[in-house]
Amino acid sequence: MSVELKDLKLYYFSQVKGSSTLGRGEHIRLLLEDAGIDYEYVRLTSAQWGEKKVELFKQGIPGPTMPFITVGDKYYGKTAPIMRFIVKKLGKYNGGNDDEEQLLDAYADTVLDWAGRWGAAMFSGNEESVKTYEETHRVNAQSSIDSMLASTEGPYIFGEKITYVDFMIYHMADDDTKAVVDAQAYPHLHKLLEAIRSRSSLKKHFDSLK
């Protein structure tokens, strides 16, 4: 483990809609688990988060949100920026040059756009919004991700080399459809999901969720 990532804590809600794995904290958790980084997962109730947010404001943190991490006494926020921070410290899970890193930035935004549409529908309490998401936005998102993955033999964005965005794709698919997609309609996405499920570095983690 990088010396610079000692005493790392990941903060997120204890449950989202009754689940301990829904939401953006799990994007980061997958990366940490795969990399074998020692960390503490601090799970907060809504009430505890309200208290923690006040504390962070008093520390001078502008607009704190979860998930966030601390490394020692330093705060780092927002899902994709946190993951980019970690992979730069590790020297892996990133692009191999500026062009690849920019592409990953763009693809990370695509995944978070998907997450935003999913969240807006699932938390709306509106059946019509959920139906529109399932019939339109989900199809568009899965098609877009499948196209992103089609440029190499896979299973990941850059072929055999896994990146932090591959974990983001997996977890968003897990939130949305339990990481199950139509293999004929989305063969490249299906291949990525199967590859991540089969990673020996994540076996202990996935087994713990059963």
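Colleague: Which elements do the buried residues of α3 pack against?

Modeller: This is a predicted model, to start with. In it, the buried residues of α3 pack against α1 (25–35), β3 (68–71), β4 (74–77), α4 (98–122) and α6 (164–177). Among those buried residues are Ile-82, Met-83, Phe-85 and Val-87, and Arg-84 is on the list too.

Colleague: How do you know that the span of helix α3 agrees with its 12 residues?

Modeller: At 1.5 Å a residue, residues 79–90 should span 16 Å, and the end C-alpha atoms are 17 Å apart, so the two agree. Just after α3 comes Gly-91, with a positive phi of about 75 degrees.

Colleague: What does the UniProt annotation say about residues 12–94?

Modeller: The unreviewed UniProt entry has "domain: GST N-terminal" covering residues 12–94. In the model, that span is 43% helix and 19% strand, and its end C-alpha atoms lie 24 Å apart.

Colleague: On to charges. What makes Asp-34 and Arg-199 a salt bridge?

Modeller: The cut-off is 4 Å between a side-chain nitrogen of Lys or Arg and a carboxyl oxygen of Asp or Glu. Asp-34 and Arg-199 come in at 2.7 Å, N to O, so the pair counts by that cut-off. It links distant parts of the chain: Asp-34 sits in helix α1 and Arg-199 in the loop between α7 (187–197) and α8 (203–208), 165 residues apart. By this rule the count comes to 10 salt bridges.

Colleague: Why is Asp-34 called buried?

Modeller: Its relative accessible area is 8%, and buried means under 20%, so Asp-34 qualifies.

Colleague: Where do Glu-55 and Lys-52 sit, and how are they separated?

Modeller: They are both in helix α2 (residues 46–58), and because they are three residues apart there, about one helical turn separates them. Lys-52 has a relative accessible area of 17%, so it is buried, whereas Glu-55, with 36%, is partly exposed.

Colleague: And Lys-203: is it buried or exposed?

Modeller: Exposed: Lys-203 has a relative accessible area of 52%, and the cut-off is over 50%. Asp-207, at 32%, counts as partly exposed.

Colleague: What links Lys-203, Asp-207 and Lys-210?

Modeller: A network of salt bridges links these residues. In the bridge between Asp-207 and Lys-203, the closest N and O atoms are 2.7 Å apart. Asp-207 and Lys-203 are four residues apart in helix α8, so about one helical turn separates them.

How values were computed:
Residues are numbered from 1 along each chain as its sequence is written. This is a predicted model: local features need pLDDT of at least 70, side-chain atom pairs count only at pLDDT 80 or more; totals for chains, interfaces and linings use all residues. Side-chain values use heavy atoms; hydrogens and water are left out. Helices (H or I, at least four residues) and strands (E, at least two) are DSSP runs, numbered from the N terminus. The expected span of a helix is 1.5 Å times one less than its number of residues. Buried means under 20% relative accessible area, exposed over 50%, partly exposed in between (1.4 Å probe, protein chains only). Contact means heavy atoms within 4.5 Å. UniProt positions are given in the numbering used here, feature names are shortened, and annotations may be inferred rather than shown by experiment.
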